[in-house]
Amino acid sequence: MQKRVLSGIRTTGPLHIGHYFGALQNWLELQDNYDCYFLLADVQALTTHFDRAAEIEQSVREVVLDLLAVGIDPAKATIFIQSQIPELAELSMYFGMFTRLSELLQNPTIKDELKKQKDEYYGFIGYPVSQAADILLFSPLLTDDNVLLIPVGEDQAPHIQSTRKVARRFNEMYKPVFVLPEIMISDTPRLPGLDMEKMGKSAGNAIFLKDSPADIARKVNNAFTDPKKIRRNDPGNPYGCAIFQFYRAFGDNKLIIDVELGCKAGKIGCVQDKQRMTELVIEFLRPIQERRAFFEKRPDLVAEILNEGNKRAKVSAQGIMDKVRDAMHINYNFLKE
Ligand code: TRP
């Protein structure tokens with residue numbers, strides 16, 4: 001039985017603690033029990049960053065360092081780079097032939113994002129197609145019990161749905177090749193940003209995994225708390241407070257309850273709360289940053305890890321592409337020597 005996991009992360013800058021609790025924590029568990037493929041989505045990054053292409057290389061480096069820093073282990077998991085597997089572009093081209101534009105335009109995540117953009121680009125609208133390729137290129141053999149799990153955030157659900165549709169259509173129209181992937185949504189609630197909005201790389205509301213203690217202290221101090229709690233002994237509302245959400249991620253159960261009750265009863269003040277949170281975050285990130293420093297000093301080792309990952313990804317890719325070309329009748333026998 002083959003138990004595969006595939007997930008990806010866009011390389012648009014260093015990763016933050018929202019990524020940790022939303023995805024990486026889950027990946028760390030999965031790498032012990034599944035054959036994991038983690039994709040650095042540098043081509044998908046270009047869908048929004050094509051006019052800043054020169055920045056992507058640095059982002060790829062940042063993201064791989066972050067993955068190694070949190071403990072993704074290249075002996076267990078395959079880390080690879082999207083652009084280095086040209087089969088992904090090839091498969092995505094074929095999938096595009098039987099994907100209706102109307103379906104892409106109805107995809108809720110694409111629809112939402114398009115509202116924020118000035119223009120409608122082909123590459124951007126097509127990215128669920130290329131994401132289907134990202135996923136299905138790593139399909140295990142199609143049998144009754146082989147599985148392909150995709151751990152992602154809720155916003156990715158429409159893409160996994162359309163990937164299943166692509167797989168089903170392909171299997172029915174040509175030949176059964178692909179296992180239908182299954183989405184696996186992390187059950188930890190999304191960690192909000194320091195301003196209670198969605199934590200984002202460029203929203204100015206994130207704590208990055210590589211932030212220095214001074215940056216962490218400054219950011220936590222400026223975080224949004226209950227605006228009605230002015231004095232230490234004013235009773236507060238922890239539920240609208242960014243720091244309390246952080247306690248839910250970083251604290252143990254006893255601490256979470258202490259803070260919740262203490263805040264409501266006006267027994268703890270926000271300043272004290274923030275100081276303790278600063279320490280928790282710094283302590284949490286210390287071993288991660290130590291590992292990051294180890295790999296930062298060894299660029300050759302990091303390059304070797306990626307080259308090896310790309311090689312492994314390519315082996316799987318070539319196996320699937322042989323089947324795809326055969327199923328689609330594009331491995332022309334008359335050309336064979
Ligand atoms: N779209 C995903 C995101 O923005 C990243 C991604 C690219 C991905 N390819 C993937 C996720 C394949 C899962 C599977 O987070």
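Is Cys 241 buried or exposed? Cys 241 is buried, because its relative accessible area is 8%; buried means under 20% relative accessible area, exposed over 50%, and partly exposed in between, with a 1.4 Å probe and protein chains only. The model is predicted, and local features need pLDDT of at least 70, side-chain atom pairs count only at pLDDT 80 or more, and totals for chains, interfaces and linings use all residues. Residues are numbered from 1 along each chain as its sequence is written, and side-chain values use heavy atoms, with hydrogens and water left out.

**Cysteines**

A disulfide is a covalent bond between the sulfur atoms of two cysteines. Here the term is applied to a pair of cysteine sulfur atoms within 2.5 Å, and a search of the whole structure finds zero of them. For Cys 241, the closest cysteine sulfur is that of Cys 270, 6.2 Å away and so too far for a bond. Cys 36 is also a buried residue, with a relative accessible area of 0%.

**Cavity and pocket**

On a 1 Å grid over the protein atoms alone, a cavity is a set of points where a 1.4 Å probe fits but cannot get out, and a pocket is an open set with protein on both sides within 12 Å along at least five of seven lines; lining residues have an atom within 4 Å of a point. Grid points are joined across faces, edges and corners, and a volume is the space filled by probe spheres set on the points.

The whole structure has one cavity of 30 Å³ or more. Among the 14 residues lining the largest cavity, Lys 229, Cys 241, Cys 263, Cys 270 and Asp 273 lie nearest its centre. Helices H11 (242-250), H12 (253-264) and H13 (270-296) each give at least two lining residues; helices are DSSP runs of H or I with at least four residues, and strands are runs of E with at least two, numbered from the N terminus.

| Space | Volume |
|---|---|
| Largest cavity | about 90 Å³ |
| Second largest pocket | about 610 Å³ |

The second largest pocket is lined by 25 residues, and Ser 92, Tyr 122, Gly 126, Val 129 and Ser 130 are the closest to its centre. Elements that give two or more residues to this lining include helix H2 (42-49) and helix H4 (86-97). The largest share, seven residues, comes from H4.
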